[in-house]
Amino acid sequence: MHLLPKFDFYEAYDMGEACKVLAEMKSEGKIIAGGTDIMVNMKKGLLSPKCLISLARIPGLSGIEPTSGGIAIGSNLIVSKLLEFDLIRKKYNLLSKAASVLGSPLIRNRATIGGNIVTARPAADLPPPLMAMGARVVLKSKGKERELALDDFLVGPGQTKIKSTEILVSIIVDEPPPFTGGDYIKLMHRNALEIAIVAVAVQITLDGPDGSIKNARVILSSVAPKAIHAVSAEKVLIGEKPTEKLFKKAAALASTDCTPITDIRGGAQYRCAMVETLTHRALSAALRQIKGK
Amino acid sequence: MKRIITLNVNEKEYEVAVAPNRTLAQVLREDLNLLGTKIGCDMGDCGACTVILDDRPVNSCLVLAVQANERKITTIEGVADGPHLHPVQQAFVEHGAIQCGFCSPGMILSAKSLLEKNSKPTEYEIREALSGNLCRCTGYQKIVEAVKAASQTMKK
Ligand SMILES: Cc1cc2nc3c(=O)[nH]c(=O)nc-3n(C[C@H](O)[C@H](O)[C@H](O)COP(=O)(O)OP(=O)(O)OC[C@H]3O[C@@H](n4cnc5c(N)ncnc54)[C@H](O)[C@@H]3O)c2cc1C
Ligand code: FES
Ligand code: FES
């Protein structure tokens, strides 16, 4: 058995209280949401916070609220509940696709969307689709609140722009505009309890039913210290008609945009080749979705 | 510092004093003597520690006992109705789905949760629902057959 180091446990009942306690703890306090990441790290002896502050009893942190142009997802929403919203399945389908392959059903019943973002693993499943949809995160500390693009929030493995006094409260996602399609493809050795060898999230928007590509986001995961934009692929897509030839070109460019490492799950060269294959598949699926096929 | 918490386990209330760094799996086994919940990997990978927490199966090795305060927990000990096995348990026995038995409590609880939400699962849905539970005796085929059979008996 792996014993957890000693710590104090604080259960906050509202946001103000949680921010106050976190500020008082200086950097010795840590938030615990589902605990599926932090407890593993603590059991492995990688982390030993003096106090864990639980968000579980704070009302309003685990729902989905409509905003003027989309939705705000509460940071403490568990992944399996995220999957139960019709709205997510219908309008934000690449997010639900990613959520459905995170960990196992047991993990999904504890793991939260906020924890998946703040933990900032290079292979985390939810940041790529959220970045493809242009998501922003809302951070709260005592008396302060700020909003940041998820692109800017994630810095590197385990590193984000969050301050030790801040709590991630919600994730804001705009409703995909008309003629938008997307996909998330995660390559794994097996279908559960597996982190991605490579994953690709794509969202494209056309300027009309048979129009040109107005906006394109291509996100690559597990092939760099954090999920990244395939910048040259995005550039070549925007302004063009969505043809098979264009998708092939973009996919090839995507594989030059990444810097994977070789590890037990896959070699660098293999990962680059898979980035090309998956980017092409994801773009084709996104277009099929727009065309309603 | 220890906390006094109330756990509602198998419809019985327990008041226990626990240190915050003890997991629900530890407290169930060591304090409540409910040894049906197993600890395998202790890291969320194997599902041997599965319990149902507020209607959802979870890895109890990744839940702090203090997080389960005032919540409803079902362990394998709470599944049978007195001397009568639950249909899922009965099917496991009849279909030879139990070898060493270490994964069985978790498998049965995951299967029971599935059948309560979806009384007619496809084979794929069964395999997916059990995908967080590993069987190191690798008797998966019989386990899936048992869950299918249980879904038939439970429908009747
Ligand atoms: C067996 C297993 C399999 C897994 N498989 C996958 C997988 O396939 N894909 C994947 O992406 N991940 C996977 N994970 C990792 C993990 O389950 C996810 O990252 C999960 O979403 C983390 O959420 P949590 O609520 O459990 O976070 P916690 O462990 O509670 O927290 C994680 C980190 O985020 C911080 N934090 C959490 N919430 C907030 C907040 N609101 N504000 C500020 N800080 C916060 C915590 O302080 C901590 O540092 C797996 C984990 C296990 C144990
Ligand atoms: S003991 Fe909890 S998942 Fe293995
Ligand atoms: S029966 Fe032995 S682990 Fe499954």
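Helix α3 of chain B (residues 104-117) has 14 residues, which at 1.5 Å a residue should span 20 Å, and its end C-alpha atoms are 20 Å apart, in agreement. The expected span is 1.5 Å times one less than the number of residues. Helices (H or I, at least four residues) and strands (E, at least two) are DSSP runs, numbered from the N terminus.

This is a predicted model, in which local features need pLDDT of at least 70 and side-chain atom pairs count only at pLDDT 80 or more, while totals for chains, interfaces and linings use all residues. Residues are numbered from 1 along each chain as its sequence is written, chains are lettered from A and ligands numbered from 1 in the order in which they are written, and side-chain values use heavy atoms, with hydrogens and water left out.

Twelve of the 14 residues of α3(B) are buried, so this helix is largely enclosed by the rest of the structure. Among the buried residues are B:M107, B:I108, B:L109, B:L114 and B:L115. Buried means under 20% relative accessible area, exposed over 50%, and partly exposed in between (1.4 Å probe, protein chains only).

Contact between the chains (heavy atoms within 4.5 Å) involves 36 residues of chain A and 35 residues of chain B. Together the two chains bury about 2900 Å², with 55% of it on carbon and sulfur atoms; buried area is the accessible area (1.4 Å probe) that two parts lose on being put together, summed over both. A:F9, A:L106 and A:R110 supply 23% of the area that chain A buries against chain B, more than any other three residues.

Three salt bridges are counted between chain A and chain B, each a side-chain nitrogen of Lys or Arg within 4 Å of a carboxyl oxygen of Asp or Glu. One salt bridge joins B:R56 and A:E84, with the closest N and O atoms 3.1 Å apart. On chain A, β1 (8-11), α2 (38-43), α3 (79-82) and α6 (105-108) each supply at least two residues of the side that touches chain B. The largest share of that side, four residues, comes from α6(A).

Most residues other than glycine have a negative phi.
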